[in-house]
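Here's a quick briefing to read alongside the model. Open the structure and follow along, topic by topic.

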Amino acid sequence: MNIATHPFDALMNITARPPVVFVRGEGAFLWDDHGKRYLDFMLGWAVNCLGHSPAIVAEALAAQAKQLLTPSPAFYNEPSLKLAKLLTDQSSFDQVFFANSGAEANEGAIKLARKYGALHKGGAYEIITFEGGFHGRTLATMSASSKKAFEPLFEPKVSGFPKAQLNDLASVQRLITDKTVAVMLEPIQGESGVWPATDQFLRDLRELTKAHGLLLIVDEIQTGMGRTGKLFHYEHADIEPDIMTLGKGIGGGVPLAALLATRAAACFEHGDQGGTFNGNPLMCAAGLAVLRHVAEPAFLKSVTDTSLYLESELQRISARHGLGEVRGRGLLLALDLKIPIAASVVAQAFEDGVLLNAPRPDALRFMPALNVTRAEIALMTDCLDAILARIGAARLVA
Ligand SMILES: *Cc1c(COP(=O)(O)O)cnc(C)c1O
């Protein structure tokens, strides 16, 4: 029975959304159904890495849609072979399993590590993860995450994810037992507020895991695909992890994710892993177009140059309004506001036609398109500057 009274009511109400409908996107901009334009510095959480509806992705999708949608995951298809080849050529990994979401890729990484433990480590299954980490919304990835709001939900959780402290090697060491098979982390914790692991910590973690015969899993769903100025964040630390997951930007706006592993770690046997839409040619064709573009050294250099500009602009604003640090790397940055005004800044920016994200009550996160222009950055910082000036003036009066 259809008892919906408003078109919004037919969708499950899983989050508070503003009462507008988005109908079009182009580059750094979105338009709603009233024709209002928004400058987008969220990009669906760093998903549309080349901006909204980039021609190369639209064309790759259109061409592939006419050619072959999917033959079945039981057969090989060209786009998935080409994308897997390019991903392994461009990284330190040997094999790829494609997934449809970041959580599914991480679920696969967890399964792969447990399989490795079953085969090589006497049934060891524990994966050490980190306080403040976020790995997705399936039952296992929620358990691997450490998000306060998840704690009371959907009990019982999946067990086997002891939590260490980021950038504290001793806290990892203390959790290692004969049940441990892997350590898994985001090189920059995104959802909890943009908290980077130091390059030294990543190197130490690589040494420690090697010494204990443990797998090192990097969740690069937010940090991968050029977001930090290298194709993959682990390159900054000059390490070679055993397993990596990608998502978000890899599809340039379409649902695609990937689980990558070294030959030694890629131990799935027939029947262990699969999925109806996994590695379908349509999404892989989009991923191929994105990767060919993003992996160009000149493009990655431009990401670094742009990020230095954004960082200096945010620092200028911070100094001007007496705010806190700018943290993160590349085009994944946060501005510490020091006081819990992030939600009101985001709401005001929305009114003013700028989409910002507040991962915590006292911080803003910036994840614009990798090809964002300086003019677009200036438009955003002018808006933010004005909002902060108004809030500052109001606080003085109050
Ligand atoms: C977004 C995200 C995920 C989950 O990806 P989904 O596609 O939403 O399932 C996992 N890990 C990290 C680091 C993320 O940023």
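M225 sits in the loop that joins β10 (215-219) to β11 (243-246); helices here are DSSP runs of H or I with at least four residues, strands are runs of E with at least two, and both are numbered from the N terminus. Keep in mind that this is a predicted model, where local features need pLDDT of at least 70, side-chain atom pairs count only at pLDDT 80 or more, and totals for chains, interfaces and linings use all residues. Residues are numbered from 1 along each chain as its sequence is written, and side-chain values use heavy atoms, with hydrogens and water left out.

- M225 is not a glycine, yet it has a positive phi of about 60°.
- M225 counts as buried because its relative accessibility is 2% (buried means under 20% relative accessible area, exposed over 50%, partly exposed in between, with a 1.4 Å probe and protein chains only).
- N167 also isn't a glycine, and its phi is positive too, at about 65°.
- You'll find N167 in the loop between β6 and α6 (169-173), and its 34% relative accessibility makes it partly exposed.
- The peptide bond running from E155 to P156 is cis, with omega near -5°.
- P156 belongs to the loop between α5 (139-144) and β6 (163-164).

**Around the ligand**

- The shell around the ligand is made up of S101, G102, A103, N106, F134, H135, G136, E186, D219, I221, Q222 and K248 (a residue is near a molecule if one of its heavy atoms lies within 4 Å of it).
- Helix α4 (residues 102-120) gives the largest share of that shell, three residues.
- Sorted by class, the shell has three nonpolar, six polar and three charged residues; Ala, Val, Leu, Ile, Met, Phe, Trp, Tyr, Cys and Pro count as nonpolar, Asp, Glu, Lys and Arg as charged, and the others, Gly among them, as polar.
- A backbone N or O atom of A103 is 2.7 Å from one of the ligand's oxygen atoms.
- In the side chain of D219, an N or O atom lies 2.7 Å from a nitrogen atom of the ligand.
- Q222 also has a side-chain N or O atom 2.8 Å from an oxygen atom of the ligand.
- On its own the ligand has 380 Å² of accessible area, and the protein covers 81% of that (areas come from the Shrake-Rupley method with a 1.4 Å probe; for residues, only the protein chains shown count as cover).

**Positions flagged in UniProt**

- K248 is listed by UniProt, in an unreviewed entry, for "modified residue: N6-(pyridoxal phosphate)lysine"; UniProt positions follow the numbering used here, feature names are shortened, and annotations may be inferred rather than shown by experiment.
- K248 lies in the loop between β11 and β12 (257-261) and is partly exposed, with a relative accessible area of 22%.
- Not counting residues up to four places away in sequence, K248 touches W45, A46, V47, E191, I221, Q222 and L256 (contact means heavy atoms within 4.5 Å).
- R137 carries the UniProt feature "binding site", again from an unreviewed entry.
- R137 is in the loop between β5 (126-130) and α5, and it is exposed, with a relative accessible area of 57%.
- Leaving aside neighbours within four places in sequence, R137 is in contact with A103, M142, K147 and F150.

**Buried residues worth a click**

- N77 sits in the loop between α2 (55-67) and α3 (78-90), and at 7% relative accessibility it counts as buried.
- A polar atom in the side chain of N77 is 2.9 Å from the backbone oxygen of G279.
- Beyond residues up to four places away in sequence, N77 touches P71, G279, N280 and P281.
- S143 is part of helix α5 and is buried, with a relative accessible area of 8%.
- Setting aside neighbours within four places in sequence, S143 is in contact with K157, V158, F161 and K163.
- I239 lies in the loop between β10 and β11 and counts as buried at 6% relative accessibility.
- Apart from neighbours within four places in sequence, I239 is in contact with L202, R203, R206, L216 and Y234.
- The C-alpha atoms of I239 and H34 are separated by 49 Å, with the two residues 205 apart along the chain.

Definitions and conventions:
Polar contact = N/O pair within 3.5 Å; in protein donor to acceptor, adjacent residues only side chain to side chain.
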